Amino acid sequence: MPQFFLNKRLIILLVSIIVLVALVGYSLSGKSKASWPEQFVKDVAGFGENIVSKPVGFIAGFFDGAQDLKNTYTENEHLKERLEELAQLESKVADLSKENAELKKSLDIEADLSDYDPINATVISRNPDNWNTQVQIDKGSVDGVKPNMAVRTPEGMIGKVTKTGAKSSTVKLLSSTDDRNRISAIVQGKSVAYGIINGYDAEQRLLEMKQLPVDQKFTKGEKVVTSGLGGIFPSDIFIGTIEKVETDKMGLSQTAFLKPGADLYDLNHVIVLKRTLEGDTSEGSGS
């Protein structure tokens, strides 16, 4: 008897497999309308999926929402800290500006190297053949623009005016490879270091700051600004940050490679800087 029942179970299993294979084969035969066994199986499977998938989706959505809420809270706290820092910084800048104005007045100083009058302008043309060399702006001599005036965006310096017409001017960019394109600059690190912005690595899109002291250490991220000592540009105009430093071939000085503060590739609105304090015109005289 046990052997009979064992065989009986085996027979039932084989019959079930045959029926299942037959149903699958029938369903794959290209018939457009499902038979009632197929429809029954599909309905049962769909019902089971709904029972499982809805609670699982609800739980997953709950945890995702909780994580989003946590991220929003963290971001909000970070922004609050930054706003507090910004408010303190603005207050400090206002105090320093007031103190600076009072000191100038007491010393009878009318202007310093960082003072300038801004002239807003728009880039009106840019030749693809010399994309990294120069741009044309819509302000000229009738607007007070003169050769050798510095030009910047809110993010940093981009170059200087080389030619002026009545209603337009040509601006030579810092990314120009013209060896005569020189700008006196300062590294604002732990110790001040002076150098010359002269050269551009087009492949890495980095400015070259040459003639830095060979015995001084520089750190990535240190800021570089104009010195104002070249006699043309105002001082403290942000140029870029140090990416890396290399010793020159002769081992007598170092060259820093700078990431420009301004996007030299995409320029639309710029500011021409008319320096208040006049000086000699030795800076970038070759342009």
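Buried means under 20% relative accessible area, exposed means over 50%, and partly exposed lies in between, with a 1.4 Å probe and protein chains only as cover. By that rule, 31% of the 287 residues of the chain count as buried.

This is a predicted model, in which local features need pLDDT of at least 70 and side-chain atom pairs count only at pLDDT 80 or more, while totals for chains, interfaces and linings use all residues. Residues are numbered from 1 along each chain as its sequence is written, and side-chain values use heavy atoms, with hydrogens and water left out.

**Stop 1: the whole chain.** Show it as a cartoon. Helices (H or I, at least four residues) and strands (E, at least two) are DSSP runs, numbered from the N terminus. Along the sequence the pattern is α-α-β-β-β-β-β-β-β-β-β-β-β-β. Among contacts (heavy atoms within 4.5 Å) between residues at least 6 apart in sequence, 58% join residues at least 24 apart.

**Stop 2: helix α1.** Select residues 2–27, which form helix α1 and include V21. Now show the side chains of L10, L13, L14, I17 and V21. They make a nonpolar surface patch of about 460 Å². Is V21 buried or exposed? V21 is exposed, because its relative accessible area is 54%.

**Stop 3: the barrel.** Which strands close the barrel? Six strands do, in the order β6-β7-β8-β11-β10-β9, with antiparallel pairing. Neighbouring strands of this sheet are turned by 45° against each other on average, direction ignored. Two strands pair if DSSP finds at least two bridges between them.

**Stop 4: β6 to β9.** Select residues 183–188 for β6. Four bridges join β6 to β9, and the two run antiparallel. Q188 stands opposite K223 in β9.

**Stop 5: β9 to β10.** Stay on K223. On the β10 side, K223 stands opposite T241. Strands β9 (residues 223–226) and β10 (residues 238–247) pair antiparallel over three bridges.

**Stop 6: β10 to β11.** V245 stands opposite A256 in β11. Five residues lie between the strands of this hairpin, where G251 takes a positive phi near 75°.

Conventions
Axes fitted to C-alpha atoms, helices over the stretch in contact; angles between N-to-C directions. Patch = residues over 30% accessible without salt bridge, like charges linked within 9 Å, V, L, I, M, F, W, Y side chains within 5 Å. Areas by Shrake-Rupley, 256 points an atom, 1.4 Å probe, with all protein chains shown as cover. Salt bridge = Lys/Arg side-chain N within 4 Å of Asp/Glu carboxyl O.
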